[in-house]
Amino acid sequence: MVASVRLFEMGWHVLLVVDPNLLLQMRCDKCSAPAIVFQRYSGLHLCQKHFLLDVEKKIKREVRKAKVSGTLAIAFSGGKDSAVALYVLNELLAKLGTTIVAITIDEGIAGYRDAVLKKAASLINQLGIEWQVLSFEQEFGIRIDRVKDRPCTLCGIVRRSLLNRAAKSIGASALATGHNLDDEAQTILMNYLRGDIDRLLRLDHGEKAGLVRRIKPLKYVPEKEVALYAFLRGIPIDLEECRFSFGVFRAEVRELLNELEFNHPGTKHSLARGHEKLLQLTQRKPFELRECIKCGEPSVNQLCQSCDELAKVRLQGGAENKTKQ
Ligand code: SF4
């Protein structure tokens with residue numbers, strides 16, 4: 001299969017675990033054209049046309065559930081997941097009158113973010129949508145490549161906070177992220193394994209004062225299908241991985257889940273669906289939020305996680321160029 005060969009050529013070893021020779025003999029279960037993919041979890045062989053439709057159907061279902069209107073902010077990193085989210089949401093919603101604004105955060109990672117931004121710009125130009133780029137350096141006077149201790153933790157927390165602030169500033173009714181099924185299943189399982197039920201129940205929160213509602217349109221699309229979709233549609237994506245990516249625990253959970261999915265197809269879907277049911281069953285009182293005493297963003301404690309982490313980094317020194325906050 002051309003797609004899998006090309007993706008492997010590009011060094012993307014995590015993607016398609018299919019046997020091209022086997023697939024050539026297979027027919028699409030929807031129309032009998034030659035199949036290009038076999039979904040072990042659904043038992044379906046799909047041709048290119050029906051594979052693309054299948055991915056779009058899953059994304060549409062999540063968007064319909066989310067009832068998006070007005071302005072939709074999309075967290076756009078330039079990687080395959082957010083690029084596919086941007087592409088499909090633009091196709092789906094722009095013609096229905098929704099204003100799409102892509103927001104990219106430059107964390108300050110030399111040799112990674114600059115290259116990704118170039119690829120991101122080409123998709124933005126192709127789609128002709130509004131784009132905001134915010135940087136940690138401009139907003140907080142720090143660069144992630146100068147943080148010595150737990151750069152990934154700080155990066156994730158501060159990025160979430162900045163994305164929320166940016167989405168609020170443009171009056172967005174929701175903020176879409178590119179989390180795919182694998183991301184989702186890993187996060188859910190990690191929280192179970194840590195016994196962090198509070199965090200588990202805070203995932204996928206609805207709208208709250210000061211907190212823009214998050215939506216995850218790719219939540220039921222497996223990572224390798226997102227990559228194949230991007231390839232088949234010719235969406236420009238950057239394959240570069242951040243050198244700080246994947247904490248040890250997430251990498252272990254990822255490997256474990258891939259093994260479970262191989263032996264028991266559908267495991268990742270079950271985890272994501274089970275989490276949705278759990279949220280419905282618990283119907284717990286929404287967690288209380290107040291304003292962070294430093295930046296005014298929503299926070300569970302007096303100081304929000306972002307300001308707390310930034311203060312720790314400043315105490316250690318070494319990540320700052322200038323201090324803004
Ligand atoms: Fe930031 Fe970690 Fe993602 Fe790199 S992998 S961009 S450090 S969150």
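Colleague: By class, how many residues in the shell around the ligand are nonpolar?
Modeller: This is a predicted model, where local features need pLDDT of at least 70, side-chain atom pairs count only at pLDDT 80 or more, and totals for chains, interfaces and linings use all residues. Residues are numbered from 1 along each chain as its sequence is written, and side-chain values use heavy atoms, with hydrogens and water left out. Ala, Val, Leu, Ile, Met, Phe, Trp, Tyr, Cys and Pro count as nonpolar, Asp, Glu, Lys and Arg as charged, and the others, Gly among them, as polar. Set aside 1 polar and 2 charged residues, and the nonpolar count is 5.

Colleague: In what order do the strands of the open sheet sit?
Modeller: Strands (E, at least two residues) and helices (H or I, at least four) are DSSP runs numbered from the N terminus, and two strands pair if DSSP finds at least two bridges between them. β5 (130-135) and β7 (214-215) each pair on one side only, as edge strands. The 5 strands pair in parallel, in the order β5-β4-β3-β6-β7.

Colleague: Is strand β3 buried or exposed?
Modeller: Buried means under 20% relative accessible area, exposed over 50%, and partly exposed in between (1.4 Å probe, protein chains only). Thr 71, Ala 73 and Ala 75 cover one face, Leu 72 and Ile 74 the other, and all are buried. With 5 of its 5 residues counted that way, β3 is largely enclosed by the rest of the structure, so call it buried.

Colleague: Which residue in β6 stands opposite Ala 73?
Modeller: β3 and β6 run parallel and share 3 bridges. Opposite Ala 73 stands Leu 175.
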